[in-house]
Amino acid sequence: MLAILGALREEIVSLRRQVTVDKTVIKQGCRVCSGKYKDRDIVLVQTGHGKARAEQATRFVLGEYPVTSLLSFGFAGALSPRIKAVSYTHL
């Protein structure tokens, strides 16, 4: 199962329109939509803003769903040239 995480509604709304959602839950402060995207099981997660919310949502999704791949994305780094991109290899 693929898990895709984005902090803000605006970051995931376009993809959400392409997902056939079977179930939506709000837990651990995040909105989780599970369903299908192009015949693949998917969990689309709106984590909320900030590192702590992203970490909390990631831990929740990994504990509750059979995730085999995880993609986290967003556009906040593109809003200001002063913001540096940071990559985390583990939580």
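**Strand 1 and its surroundings**

Author: Strand 1 and strand 4 are paired in the parallel sense, over 5 bridges. Two strands are said to pair if DSSP finds at least two bridges between them; helices (H or I, at least four residues) and strands (E, at least two) are DSSP runs, numbered from the N terminus. This is a predicted model, in which local features need pLDDT of at least 70 and side-chain atom pairs count only at pLDDT 80 or more, while totals for chains, interfaces and linings use all residues. Residues are numbered from 1 along each chain as its sequence is written, and side-chain values use heavy atoms, with hydrogens and water left out.

Strand 1 also runs parallel to strand 5 (residues 69–73), to which 5 bridges join it. Ile4 illustrates both pairings: its bridge partner in strand 4 is Leu44, and in strand 5 it stands opposite Leu71. In general, strands of a sheet pair through backbone hydrogen bonds, either parallel or antiparallel. Here 5 strands form an open sheet of mixed pairing, in the order 2-3-4-1-5. Strand 2 (20–27) and strand 5 stand at the edges with a single partner strand each, so one side of each has no neighbour in the sheet. From one strand to the next, the twist averages 20°.

Strand 1 is mostly covered, since 5 of its 5 residues are buried; buried means under 20% relative accessible area, exposed means over 50%, and partly exposed lies in between (1.4 Å probe, protein chains only). Both faces share in this: Leu2, Ile4 and Gly6 are buried on one side, and Ala3 and Leu5 on the other. In a regular strand the side chains alternate between the two faces of the sheet.

Helix 1 (residues 9–16) lies across strand 1, strand 2, strand 3, strand 4 and strand 5, and runs at about 155° to strand 4. Helix 2 packs on the sheet as well, touching strand 1, strand 2, strand 3, strand 4 and strand 5, and its direction makes about 45° with that of strand 3. For these angles, axes are lines fitted to C-alpha atoms, for helices over the stretch in contact, and angles run from 0 to 180 degrees between N-to-C directions.

A nonpolar core is a set of buried Ala, Val, Leu, Ile, Met, Phe, Trp, Tyr and Cys residues joined through side-chain atoms within 4.5 Å. The largest one has 11 residues, including Ala3 and Leu5. Strand 1 (2–6), strand 3 (30–37), strand 4 (40–46) and helix 2 (51–64) are the elements that give two or more residues to this core, and its largest share, 3 residues, comes from helix 2. Apart from it lies another core, of 8 residues, with Leu2, Ile4, Leu15 and Val19 among them. In soluble globular proteins, nonpolar side chains tend to be buried together.

Tyr65 is one of the residues of the largest core. Contact meaning heavy atoms within 4.5 Å, Tyr65 is in contact with Met1, Val25, Val32, Ser34, Val43 and Phe60, leaving aside neighbours within four places in sequence. Ser34, in strand 3, counts as buried at 14% relative accessibility. Not counting residues up to four places away in sequence, Ser34 touches Thr20, Val21, Asp22, Lys23, Ile42, Val43 and Tyr65.

Charged side chains form 2 salt bridges in the structure, a salt bridge being a side-chain nitrogen of Lys or Arg within 4 Å of a carboxyl oxygen of Asp or Glu. In one of them, the side chains of Lys36 and Asp41 meet at 2.7 Å, N to O. Lys36 is partly exposed at 36% relative accessibility, and Asp41 is partly exposed with a relative accessible area of 36%. Arg59 forms a salt bridge with Glu55, with the closest N and O atoms 2.9 Å apart. Because Arg59 and Glu55 are 4 residues apart in helix 2, about one helical turn separates them. Arg59 is partly exposed at 48%, as is Glu55 at 26%.

Finally, Gly50 is found in the loop between strand 4 and helix 2 and is partly exposed, with a relative accessible area of 34%. Gly50 and Ala7 are 43 residues apart in sequence, yet 7.6 Å apart in space, C-alpha to C-alpha.
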